[in-house]
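I am opening my notebook on this structure. These entries record what I looked up, in the order I took it.

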Amino acid sequence: SSVSSRRTVRRTRVTPRHSNRDNGQGKNRGPDQASAIHSSVLCVLFTLIYLTLSILIIPLIWPSLTTNASAYQLGSSRSSSASQQHRSVGNGGGLGSGPQSPNPFLIYQQQQQKNQARTLPSASGPRAAARTTHQESQQQQHQHGAQGARGQESLLVCPEGWQQHSTQCYKFFHQRHSWQRARDICERHGAQLALVYDYQQNNFTGQLAGSSLSSPNGSPSGSETATGMGGVYGNMKPSLASVHSGQFSHTPQQPLYASDERSYWIGFRAIDRLETNTLESAANTFVSKYVGFWDYDEPRVTQGECVRAIVRHESGPMSSFASSYRLIQTGQQQQQSPLNGPQSQQQHQQVWQLAKCEDLLPFVCQRQVCSSNSFHCSNGRCINAAWKCDGHNDCGDDSDEMDCPRRCRFYMASSGDKVQSINYPQRYEPNSDCKWTLEGPLDAGMMLQFYEFDTEKNHDQVQVLTGARTEDKAFNLATLSGQLNLTSRPFVSGSNLMIVKFKSDSLVEKRGFRASWKTEPIECGGELFAHPSAQLITSPLYPDHYPGAIECVYRLVAPPGKVINLELVELDLADKRDYLLVRDGAQSADPLLASLTGQLKRNEDKKYLTSTTNKLYIYFKTDHSAYDEQRRGFALRFRTGCDLNLVAANGTLTSPAYQVARYPLNQQCVYRISRPESAATTTSTNNSQGLTLRFDDFDLGADDQLVAYDGHDQATAQRLQPVRPPGGSVSAKAGAGAFAKST
């Protein structure tokens, strides 16, 4: 009965509400429904107040929150790493926190102040002074907030000489190299060629390159050769000059681009001639070509396949092109940028172009930042600084154990230092394991000279490596053992890095070794002026073995209206790895006349090359292993004109730039052909065994002609008439000597 009574009461309370709703008296609501409506209204009000406070207050306190969070995470990583018994390579050098987020509120406020300062008319008086004072106080407050935001950056550091942007470090290298060689140099520094994916990166790299390229020749020193290498190796040679002539003129190669348009390599190149609209990055990833900040009418695959970035001054003659890519820095970025200075105040515009990968250009490398208490490994990793020289390979490439004298690991950066075995001139210790890492300026080569060498043969060895500061990326230059006389055998490399490694066993000990090293530039490349008298170009150190890891460009220039004749005197290069490229013009994009590698016998058909203009371009590249090949190099003879003196029992004769370009106009070429002395003597009794000139292809203009004579003197020689054998090509016969005149 009690349950039924409660149900009755509940029904009596609900029934009047339904009756009122039925009678149209909805205004007389019950107390439960009214309280629900009040709660909903209050919920909406509190939500609006919360959102308003979040928008206004969170941007102001966000820098301090991120700074405290970063410090907390970094402290946690330090404590956790210290408590671990087994250490891995990467867990001690964490970045601490993610990339710094810019403060949009501060950026917006500072931009608004700049806009107001530009639009407001100049005023004077108490109001203007008050407004100025108020603006200065606001700027001071914003600067204090920005300092809190920059507190996070102080926990992330870059190696010395590198500039930080977000979580990446960037460095501009003035040395000029091809795209592939620039990529290798970046990898030696634990970095990669700069990868630009967004406007911020494009703006930053443009400002970095623009300030670095502000000097007239694109380098702080004010002068630069084709490779950044030139000079003399002490007593090895009186001079390493690679051109021999009393009339020789040489000027260092200047940049290919004017002062308002300078370029450098970045880490992209086209694949499959952009048929798939794809670029390959230096990190071996593939991206769409549409991510690029291309110049007008780019990319053009006819110009090359590697991507160069061009930095132009905003007021330059080409500033109208790609105007949508203007560089705009906010006040926040200008305060935090390390590039601020008189030169960085002028805006630069950066666009992309495709170019030949063999072009010698500066380049920009990038690598990851590390926390402030980390050691920067040579492979780009970060480890705890306390792990340096602890006997463990924490970096993975042993670079953390590179400069540890107590463990017989020495790092030397001063040219002229001594490299000698422990206890020299006394006997070295058994079970020795020593290493010397030698490093010089980037724009120099290196020479190592041994004065004494005495080790147990086949058991105690000295290994010389070059090309990197760690063994995993270096190339073997020589392995030495026994008692050797090396005073006349210097070890030369075009790289600025060298490693000397010594290991001994526990049985027999000898006196050891003593050596010295130095770095000096290698002279290679330049602009040369051709004359009617012949001049000679040779590879560095010719006729001795040329060094490895060099690349250079020679540009031959003749007076206007003249052509240049190039004769291949000697060629001895490592097959395929080392080569010469000769182009008909002054640029890498000009037609290729010949690609030369290997021995001279394999290139007899390219022994004589003639340009169609007054310029020739020669590119020379060697591999790191060139010294181990023991090659002599090359010797080229050049002069103006197209005359040839050919002494051979047989051969091929062509017009200038045959099958490459149309022959030059307004030229008179004389080809003197002679059989060798021995061949002429054996066939002197039978004149029918003289010379036969057969034309396999003949296509001249109506006003051009070629005349063949029997003899070397045109005044007394007999003009030959063509003979057409049955079913054969046109030919002409002569005695042991003949010449052909082409006009």
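**Entry 1: helix 6**

I started with helix 6, where twelve of the 14 residues are buried, so the rest of the structure largely encloses this helix. Buried means under 20% relative accessible area, exposed means over 50%, and partly exposed is in between (1.4 Å probe, protein chains only). Helices (H or I, at least four residues) and strands (E, at least two) are DSSP runs, numbered from the N terminus. The buried residues of helix 6 include Gln 201, Phe 204, Leu 208 and Ser 212.

I then checked the length of helix 6 (residues 199-212): at 1.5 Å a residue it should span 20 Å, and its end C-alpha atoms are 20 Å apart, which agrees. The expected span of a helix is 1.5 Å times one less than its number of residues.

**Ground rules**

I noted that this is a predicted model, where local features need pLDDT of at least 70, side-chain atom pairs count only at pLDDT 80 or more, and totals for chains, interfaces and linings use all residues. Residues are numbered from 1 along each chain as its sequence is written, and side-chain values use heavy atoms, with hydrogens and water left out.

**Entry 2: a nonpolar patch**

Ile 37, Val 41, Leu 42, Val 44, Leu 45, Phe 46, Leu 48, Ile 49 and Leu 53 make a nonpolar patch of about 860 Å². Patches are made of residues with over 30% relative accessible area and no salt bridge; like charges are joined within 9 Å, nonpolar side chains (Val, Leu, Ile, Met, Phe, Trp, Tyr) within 5 Å. Accessible areas come from the Shrake-Rupley method with a 1.4 Å probe, and for residues only the protein chains shown count as cover. I picked out Ile 37, which lies in helix 2 (residues 31-83). Ile 37 counts as partly exposed, at 42% relative accessibility.

In what order do the five strands of the open sheet stand? I found 16-18-24-20-21, with mixed pairing. Strand 16 (409-412) and strand 21 (475-481) are at the edges with a single partner strand each, so one side of each has no neighbour in the sheet. Two strands pair if DSSP finds at least two bridges between them. Strand 18 (residues 433-439) and strand 24 (residues 497-503) run antiparallel and are joined by seven bridges. Leu 438 stands opposite Met 498 in strand 24.

**Entry 3: salt bridges**

How many salt bridges does the structure hold? The count is 17. A salt bridge is a side-chain nitrogen of Lys or Arg within 4 Å of a carboxyl oxygen of Asp or Glu.

I looked up Arg 269 and Glu 280, whose side chains meet at 3.7 Å, N to O. Arg 269 is in strand 7 (residues 261-270) and Glu 280 in strand 8 (residues 278-281), so this pair ties together parts eleven residues apart in sequence. Glu 280 is buried, at 15% relative accessible area.

Arg 637 and Glu 567 form another salt bridge, at 3.1 Å, N to O. This pair links distant parts of the chain, with Arg 637 in strand 34 (residues 633-640) and Glu 567 in strand 29 (residues 564-572), 70 residues apart. Arg 637 is partly exposed at 29%, whereas Glu 567 is buried at 14%.

I also noted a network of salt bridges that links Asp 398, Lys 435, Glu 471 and Lys 501.

**Entry 4: strand 34**

I went back to strand 34. Six of its eight residues are buried, so the rest of the structure largely encloses this strand. Strand 29 pairs with strand 34 in the antiparallel sense, over eight bridges. Leu 571 stands opposite Phe 634 there. Strand 27 (residues 535-538) also pairs antiparallel with strand 34, over four bridges.

I ended with the backbone. Most residues other than glycine have a negative phi, and most peptide bonds are trans. The bond from Tyr 424 to Pro 425 is cis, with omega near 10°. Pro 425 lies in the loop between strand 17 (418-420) and strand 18. Asn 423 is in the loop between strand 17 and strand 18, and its phi is positive, near 75°. Asn 423 is partly exposed, at 36% relative accessible area.
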